[in-house]
Amino acid sequence: MFTLAEVASLSDIQPTYRILKPWWDVFMDYLAVVMLMVAIFAGTMQLTKDQVVCLPVLQSTVNSKVQPDTAGKADFSTVETTTGQEEASMRTVSFGSAPTVTPDILLSRATSSQYQPTESNQELKKEQKDSSGRKTNLDFQQYVFINQMCYHLALPWYSKYFPYLVLIHTIILIVSSNFWFKYPKTCSKIEHFVSILGKCFESPWTTKALSETACEDSEENKQRLTGAQSLPKYVSTSSDEGSPSASTPMITKSGFKFSADKPMIEIPSVTILDKKDGEQAKALFEKVRKFRAHVEDSDLIYKLYVGQTVIKTVKFIFILCYTANFVNTISFEHICNPKVEHLIGYTQFECTHNMAYMLKKLLISYISLICVYGFICLYTLFWLFRIPLKEYSFEKVREESSFSDIPDVKNDFAFLLHMVDQYDQLYSKRFGVFLSEVSENKLRGISLNHEWTYEKLRQHVSRNAQDKQELHLFMLSGVPDAVFDLTDLDVLKLELIPEAKITAKISQMTNLQELHLYHCPAKVEQTAFSFLRDHLRCLHVKFTDVAEIPAWVYLLKTLRELYLIGNLNSENNKMIGLESLRELRHLKILHVKSNLTKIPPNITDVAPHLTKLVIHNDGTKLVVLNSLKKMTNVAELELQNCELERIPHAIFSLSNLQELDLKSNSIRTIEEIISFQHLKRLTCLKLWHNKIVSIPSSITHIKNLESLYLSNNKLETLPAAVFSLQKLRCLDVSYNSIAVIPVEIGLLQNLQHFHITGNKVDVLPKQLFKCVKLRTLSLGQNCITSIPDKVSQLLQLTYLELKGNCLDRLPATLGQCQLLRKSGLIVEDHLFDTLPSEVKEVLNQDTGIPFANGI
């Protein structure tokens, strides 16, 4: 028996999975219940009323052989001589009036025949006329005995076990129908799916997303909005609202498109999303993403459902086949041959089964139910193999909506959605909202605006090295709307914001001239693009693949500085423009940090007006440099870490070149430096971090050179030719192997910065202190043993590095260096203590005020 608690629990479980039970499963469940009722009804009747009633078949040949008992007991086999006609009439009466014959009457007849054996034929005929049938001479116990015996011998097994077979078959069918809900490897996925689907269906975000999209994509409602009511422009917290203008071709709006059936007055009621609801919706997006990744990799649920349907079909065929053979065995009449003649006196009995009629009707009903059940199973198999259930396409949803990014799903995920569609297709449509990245981005935008308010953004604004107001946003889900209210912002940095969207509100930021997009393929609206095109001066783009560079970058006609940092290997060199740089008519500075093997041809589109070109490679050898010849107006050229072994000849054609930086290459010799005499405007030459072992005397031909950087090379000497460059103001030979500073250094009367840190110098020539314009003197990490007193002649000295030498004291004349302060004196503490107290006081004056070193 089932307890009430168990039945109640079953009723609670059923609604949970109802969305995964199509109509045929529900119908088969009802059929199973009816079959179960048939089994219970038949079993109950069989337990209470099932029995057989048997009467002996009287034969003259049998009766004539039976002798009366001489022991004085009742004679149960009296000799009767009957004609064939009488036997026939007796059998007819016995079958026709079987229900009226009782053992008492038969016993009385047998007794009378025993004690009145000499009655006349007349009296016998009279008695036969008074009572129908023939005497059997059996008592009650013998009837009970033969009835029970013939119940097992004569009655077919199917008549006795039919209710139990129906019960067993029905239970098997019920288990087969619900096995996929209980199998350990599928039930957890199904439970998870049902719970997620229910939450997605009932989520406030689902309603909001559908409602907002319907309003967005309805032109009629837009007209109602502009004509009938005036809403505040930036009331909504949604990142997609507040700008009714059309987007540029670079932006694709996504969302559901429905006909304008609802009035626009409903917009305010759906644009506000509770923070708690927003967090729940974000959690649902994450759950859907993880569930999809977990379920789409297998088709176990589909195979299990197909398997149990096949089992039910095979079961139906089996039941139908063997039941058809036994349906005729359920009969009202049966012949019984118990072989107990020595106890009863008769060899054959005719029996009636009083449940035969009812069982046959129930069996016919059961066969009818099984047939219906089987046809439904066949239809299910037809449905399972007719369409590809391992694939589910949201094509119809995409056609009806603008959520064009809803992906198609496969395997078990697809099969579950197909099953849900049999219940209600609205579930899948609403579930598709949580598969759309556009929908997720809208939700992130709302949550983002809740979190990043104007006040919080104002707290993150800082001053950079150029004393400009700068805001750096890192790893957000989008660009908060409040950013565009910071009208005094000069620099905006957006880093790792994959769904950044720049709306028309950026036109309020009139001071914005510099924009950084680090791994942030930002999309812009048309109005925003127009503003950026007219106002943006500097743009930094950092990317992993060149395709991440926004297409609108190449259309910023007033852009002056462009910084591209990312992967531009040999296959993608042509992609630097993906779009041509020809439209960047005012571009002056182009900075490319990548892995180029040649200078991209598209750079030549901006060559006529480009003044600065910087190429920072990651160690990839830059081979083809012929494009440099076309950049006749370039004044600054940097080719860093390009594995150059010699100075490229293409550089000698740049007549307007003023600064050349070949840092971090593999240059060993610079004999080509003689060709620099044609570069009349060259003032700065940076050959640092190379492998140069000597400086050729031809360097004297670079008459206008003012800065020479040769640090981190392999120089051992400084030739006198270097000191013939009278305009030289900065000389950096740090970190070489130079042991002697030539006395010719005194010829550099305009020298202001001299760096020789990290060499092998042990003596400072007195001529060094004739360079009275020196402001920076770096002598650290050498072998210097003393500092001459003539250091006092350097009246403009603001920075002196002496740390890492072999000094035992400092000259007291340091106090005469009027601009030198302790903060500009880089020396060990114990050496500083050797100075007289009055000198220390002079050096410690105004220590809190930054010194002007002029570097």
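Q: Why is L687 called buried?
A: L687 has 0% relative accessibility. Buried means under 20% relative accessible area, exposed means over 50%, and partly exposed lies in between (1.4 Å probe, protein chains only). At 0%, L687 therefore counts as buried.

Q: What kind of model is this, and what rules apply to its values?
A: This is a predicted model: local features need pLDDT of at least 70, side-chain atom pairs count only at pLDDT 80 or more, and totals for chains, interfaces and linings use all residues. Residues are numbered from 1 along each chain as its sequence is written, and side-chain values use heavy atoms, with hydrogens and water left out.

Q: Where is L687, and what is it in contact with?
A: L687 sits in the loop between β18 (684-686) and β19 (707-709). Helices (H or I, at least four residues) and strands (E, at least two) are DSSP runs, numbered from the N terminus. Contact means heavy atoms within 4.5 Å. Beyond its neighbours within four places in sequence, L687 is in contact with L662, I670, I692, Y709, L710 and N713. L708 is 21 residues away along the chain, with 7.8 Å between the C-alpha atoms of L687 and L708.

Q: Why is K339 called exposed?
A: The relative accessible area of K339 is 75%, so K339 counts as exposed. K339 lies in the loop between β2 (333-336) and α15 (341-344). Its phi is positive, near 60 degrees, in a residue other than glycine.

Q: What makes L496 partly exposed?
A: The relative accessible area of L496 is 35%, so L496 is partly exposed. The residue is in the loop between β8 (491-495) and β9 (501-502). L496 is not a glycine, yet has a positive phi of about 55 degrees.

Q: How do you know that the span of α2 agrees with expectation?
A: The expected span of a helix is 1.5 Å times one less than its number of residues. The 27 residues of α2 should span 39 Å, and the end C-alpha atoms are 39 Å apart, so the two agree.

Q: Which elements do the buried residues of α2 pack against?
A: They pack against α8 (157-182), α14 (300-326), α16 and α18 (411-423). Among these buried residues are W24, M28, L31, M35, V38 and M45.

Q: How do you know that the buried residues of α7 are on the same side?
A: The buried residues of α7 are Q142, Y143, I146, N147, C150 and Y151. They cover an arc of only 165 degrees around the axis, which puts them on the same side of α7. The arc is that of the directions from the helix axis to the C-beta atoms. The face turned away carries the exposed residues Q141, Q148 and H152.

Q: What makes W23, F27, Y30, V372, Y379 and F382 a patch?
A: Patches are made of residues with over 30% relative accessible area and no salt bridge: like charges are joined within 9 Å, nonpolar side chains (Val, Leu, Ile, Met, Phe, Trp, Tyr) within 5 Å. A salt bridge is a side-chain nitrogen of Lys or Arg within 4 Å of a carboxyl oxygen of Asp or Glu. The six named residues form a nonpolar patch on the surface, with about 630 Å² of accessible area together. Areas come from the Shrake-Rupley method with a 1.4 Å probe; for residues, only the protein chains shown count as cover. α2 (23-49) and α16 (356-386) each supply at least two residues of the patch. F382 lies in α16.

Q: How many of the 855 residues count as buried?
A: The share is 48%. The chain has 24 helices and 24 strands.
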